[in-house]
Amino acid sequence: MAGRGGSERRTGGDGRAERFPGYDVLGQAKHWDGATASVVLARAGGPQPPLRFFTPAEEATARALLDQLLDRPAVPVLAMIDARLAELQTDGWHYADMPMDGEAWRRSLAALDADADGSFAALRRVQQHALVGRIQEMSGERWHGLPAQHVWSLWTRYACTAYYSHPEAWNEIGFGGPAHPRGYLRLGVDQREPWEVRDVRNEPPRPPDREPPKPPPPATDPGRHSRLRAAAETVAANARAEREVRRRNLSAWLLPEHGEGFDHSLRRAMRRHRESEEVDLVIVGCGAGGSLLAQRMARAGWSVVVLEAGPFWDPLKDWVSDEAGSHHLYWTEPRVISGTDPVPLGSNNSGRGVGGSMVHFAGYTPRFHPSDFETRTRDGVGADWPISYADLREPYRRLEQELPVAGQYWPWGEPHPYPYAPHPVGGNGEVFLRGAAALGIQARVGPVAITNGRFGRRPHCIYRGFCLQGCKVNAKASPLITHVPDALIHGAEIRDGCMASGIELGPDGLACGVRYFHHGREHLQWARTVAVAGYAIETPRLLLNSTSRRFPEGLCNDHDLVGRYVMVQGAPQTSGRFEEEIRAYKAPPPEVTTEQYYETDPAKPYKRGFAIQNISPMPITWAEHVVAQGHWGADLRAYLSDYVHWATFGAMAELLPQPDNRVTLAAETDRNGLPVAEFAFSQCENDRQLIAAAREVMESILRAAGAGEVITIDRYAHLVGGCRMARRAEDGVVDHSLRSFAVPNLLITDGSVLPTQGSANPALTIMAVVDRAAALLAAGARAGTRVPT
C-alpha cells in the first residue's frame, strides 16, 4: 500500500486537540496505584536528561525523521527512544537481514543523510517528507544495504511506542488511561466513565430509548429451567467446584488478604536445596507447564527445584497499567528471525519470569477440539497426536476449575459448560455479538480464566483492560497465582534469575542435572529426573546447546527433529470504525468468540479452519496496526484521534506444521556466551488461503454490525511445537507421557510438544497435557539414584 503521510483523510492540524475538549488524563493520576503513577509521571514531567545514545549529528537527523513520522509531536519522543537504546531496552529479536536495533538506527540515520547529500535535517520539510515517503514505498527493495521494509518497521515501532505511551497522546485520542485500582465501571457502546470526555466531532449520541443490547444468557442451559433456578444452580456448582479445587490446589487461598500482590512470606519460607544435593526433579522454566508440573510433583512428595531465567514477580510492585512500562514482562534476550514470512517475537508470544507468558496472556482458555488430535487421519494434513481428546477431558475439566474459567456453555468441539458464568461484555464484544447475529453466525461469551466473583482470596475482575500487561488485581489466572503458592507450601523451590545453559548426562546416558548461570557464574543442580519447560524457542535452543559425544547435534536430536515443526497461528487483525464510541480498551481484551469455522469445510479449497475473537488493542498496539496499513505523519495522527470509535477482531487460524519452520542456533551469542536461537518461518499455500478466509469473515461481521471503514493487517500469535510428541522416535522427540525417546528420565513439559496448533489459544491445552504427564510420572517409579562426581 502506498504511504499516506499527508492529510487525504481526516487531517490533524489546529483542530486536533478539540476532539476531547478539557480532557486531561493526568487529572486521574491521584487514583492510580503507586507503581503505575511513578512510571507514567516520570515519562510525562520534568526536563529530559541529555542524550546518551545518539551523537549530536544523529540527534538532528533523528529529530527531523520523527517530526515527519509523527507530524511534529509535542512530546520528547527522541529522548525516550534514546533512553531505550542506551539501556538496551529493545524488543530482543531482530530480522536476520538486519543488525541489532542500536546499530540499525545508526546505519539508517547515516543513510538518510547520504540521500540528502550531507544533512537530512537541513532539507526543507517538504523535501524531508518526500524522502521518507520514498523509503516507505520501497517495500521489498534494499536501501543502502538494508531491507527498506524492515527499516520502516524499526522506525515506526520505536516512534509509536514513544509517542502513544505519553499522556499528551492519550488526551489527543480520548484514551481513559490506567484504571487501577478502581477499574472501569461503564462497559458497552457509547458508555463513558465520569472523567472521560465525549468526542465532540462525532455525531450526537443515539437516543437513550433505542433498544438495548440483549444480555448474554447464563452459563447453564436456560432452556431447561427458569433463569432464577439456573442462577441458583450456577452458585451451587461454583461452591462445589471451589471445594473440589481446595482438595488439590490451595493457591487461591494463599494469596494476600487484599487480593493484590504475592505473599512473599511463602517465598521466604520456601524449602532450599544445596546444589550438591540430588533432588528428585529439576525443571527448567516456570511458565504454564513448568509451574504446574512443580505443583503436581511437590504434592506427590517429590523434591523439586525450578530454574527460572526471569524474576519472581510481585504484581502489586512490579506490574503497571501501562503498555510501554510492561516491557520487562516479555522475553527480550537476543533472538534472530528469518524465513519468507518471519515471525516477530516478544510481547505476543514469549514470557519472562515466574508465571511465564501467561503473566501477559489475554486470559482466553478454550479447549482444543477432538479433531485437533487426528488431523492426519481426518484431513490428510499435519500429524496425529499419540493421545486423543479423551485423554485430556478430565485434565481440561480440572484446570477449568483451578484457574478458574468463566464462560457460556460451549457448543463447539465436545460441548461443555464452564464453572463460572460469563462476564459482561464491553463495546467491542457488543459489536461482535451484533454483527454475528446479523449474519446468523453463532458466537459465545468467554471462556476466560478470569474470576467472575471472588475465588479464594482472588477478587472479581475490575475490567481495567490491561490483561496483556499483567493483572495487578490477581483476577486473571497465571501460574504465579494459580499454582506457584501451592507448590511452595508443598516443598518446591523456585530459583529466579537462573538461565539454563545445558543438561548434563551421566555415564549411563541418563540426565543427571542442569547447568545454569546465576549472576554471571555457572552452577550445576543435580537431579534424578529433568524436565524442560522453556517453551517453543528456548526449549529447542537448550537441547541444541546441550551437545556431547553421544549427542553431537544436540540432546535428543538423533533424528534431526529438535527445533522442527515450530508453529504459530495466523492472526490477522481486522478493525472497523463506528460512529458510536466503542472504547474497546475497557474489559478484558478477549470477550466473544465464534468457532463456527474451526473444522475443515469440504467445500473450501483449504484444510482445517479458524476461530475469531474480539481483541482490544491499547494505543501503542493500535498505532502499529494503523502504521501497518501504510499511514504515517498527519494521517497517522488523524486515524489515532478516532481511537475510541474502532472495534477490533482477531483470528486464530491453524497454520500447518512444516519441517523447515524451525529453531536453529545462530552465530550470535548472548551475555553468557551461549548461541542464541534463530527462528525461520514460511507459510504454505494452505496457510495463506486460511488467513484470507478468516480475514473475509471478520470484515463481514464488522460491516454487518454497522462499521464504515474496515482495515486489516496480518500478524501471528501463539508459538507451539519444536519438540513434538509422537508414537515413534522417528516422528517426534517425546512420547505420549512427554518423556524423551532418547533419554528416558528427561521430560519436555511445555507447548513445544504439541504436534499441531489448532485454532484455539494453547495455554489450557499445554497445562492439560502436563497435568496428564504429571499424573503418569507420579504413578511410576522414579529414576535411579545418582552419585555426584
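Visitor: Where does Asp-560 lie?
Guide: Asp-560 is in the loop that runs between helix H17 (535-545) and strand S12 (567-570). Bear in mind that this is a predicted model.

Visitor: Why is Asp-560 called partly exposed?
Guide: Its relative accessible area is 33%. Buried means under 20% and exposed means over 50%, so with 33% Asp-560 falls in between and is partly exposed.

Visitor: Is Asn-474 buried or exposed, and how do you know?
Guide: The relative accessible area of Asn-474 is 1%. The cut-off for buried is under 20%, so Asn-474 is buried.

Visitor: What kind of peptide bond joins Gly-446 and Pro-447?
Guide: That bond is cis, with omega about -5°. Pro-447 belongs to the loop between strand S7 (444-445) and helix H15 (479-482). A cis bond also runs from His-180 to Pro-181, where omega is near 15°. Pro-181 is in the loop between helix H7 (167-173) and helix H8 (227-248). As background, most peptide bonds are trans.

Visitor: Which residues of H14 are buried, and what do they pack against?
Guide: Buried in H14 are Gly-427, Asn-428, Gly-429, Glu-430, Val-431, Phe-432, Gly-435 and Ala-436. The buried residues of H14 pack against strand S14 (592-594), strand S15 (610-615), strand S16 (646-654) and helix H20 (685-704).

Visitor: What makes H21 "mostly covered"?
Guide: In H21, 13 of the 17 residues are buried. Helix H21 (residues 763-779) reaches 25 Å from its first C-alpha to its last, close to the 24 Å expected.

Visitor: Where does H13 bend, and by how much?
Guide: The bend in H13 is about 25°, at Pro-395. Helix H13 (residues 389-402) reaches 20 Å from its first C-alpha to its last, close to the 20 Å expected. Pro-395 is also one of the buried residues of H13, which include Tyr-389, Leu-392 and Tyr-396.

Visitor: Why is Val-734 called buried?
Guide: Val-734 has a relative accessible area of 0%. Buried means under 20%, so Val-734 is buried. Val-734 lies in the loop between strand S20 (716-720) and strand S21 (746-748). Beyond four places in sequence, Val-734 touches residues including Cys-723, Met-725, Phe-741 and Val-753.

Visitor: How do you know whether Ser-501 is buried or exposed?
Guide: Ser-501 has 3% relative accessibility, and with buried meaning under 20%, Ser-501 counts as buried. Ser-501 is in strand S9 (residues 499-505). Leaving aside neighbours within four places in sequence, Ser-501 is in contact with Arg-515, Phe-517 and Leu-674, among others.

Visitor: And why is Val-39 labelled partly exposed?
Guide: The relative accessible area of Val-39 is 29%. That value lies between the 20% and 50% cut-offs, so Val-39 is partly exposed. Val-39 is in helix H1 (residues 34-44). Leaving aside neighbours within four places in sequence, Val-39 contacts Val-320, Asp-322 and Gly-325.

Visitor: How many cavities of 30 Å³ or more are there, and how much space lies in the largest?
Guide: The count is 10 cavities, and the largest cavity holds about 70 Å³.

Visitor: What makes up the lining of the largest cavity?
Guide: By class, the lining has eight nonpolar, three polar and one charged residues. Among the lining residues are Ala-406, Gly-407, His-423, Gly-446 and Glu-591.

How values were computed. Residues numbered from 1 in each chain as written. Predicted model: local features only at pLDDT ≥ 70, side-chain atom pairs only at ≥ 80, totals over all residues. Heavy atoms only, no water. 1 Å grid on protein atoms, 1.4 Å probe; cavity = no way out; pocket = protein on both sides within 12 Å on 5 of 7 lines; lining within 4 Å. Points joined across faces, edges and corners; volume = space filled by probe spheres on them. Nonpolar A, V, L, I, M, F, W, Y, C, P; charged D, E, K, R; others polar. Helix = DSSP H or I, 4+ residues; strand = E, 2+ residues; numbered from the N terminus. Buried < 20%, exposed > 50% of the residue type's maximum accessible area, 1.4 Å probe, protein only. Contact = heavy atoms within 4.5 Å. Expected span 1.5 Å × (residues − 1). Bend = angle between axes of the 7 residues up to and from the residue.
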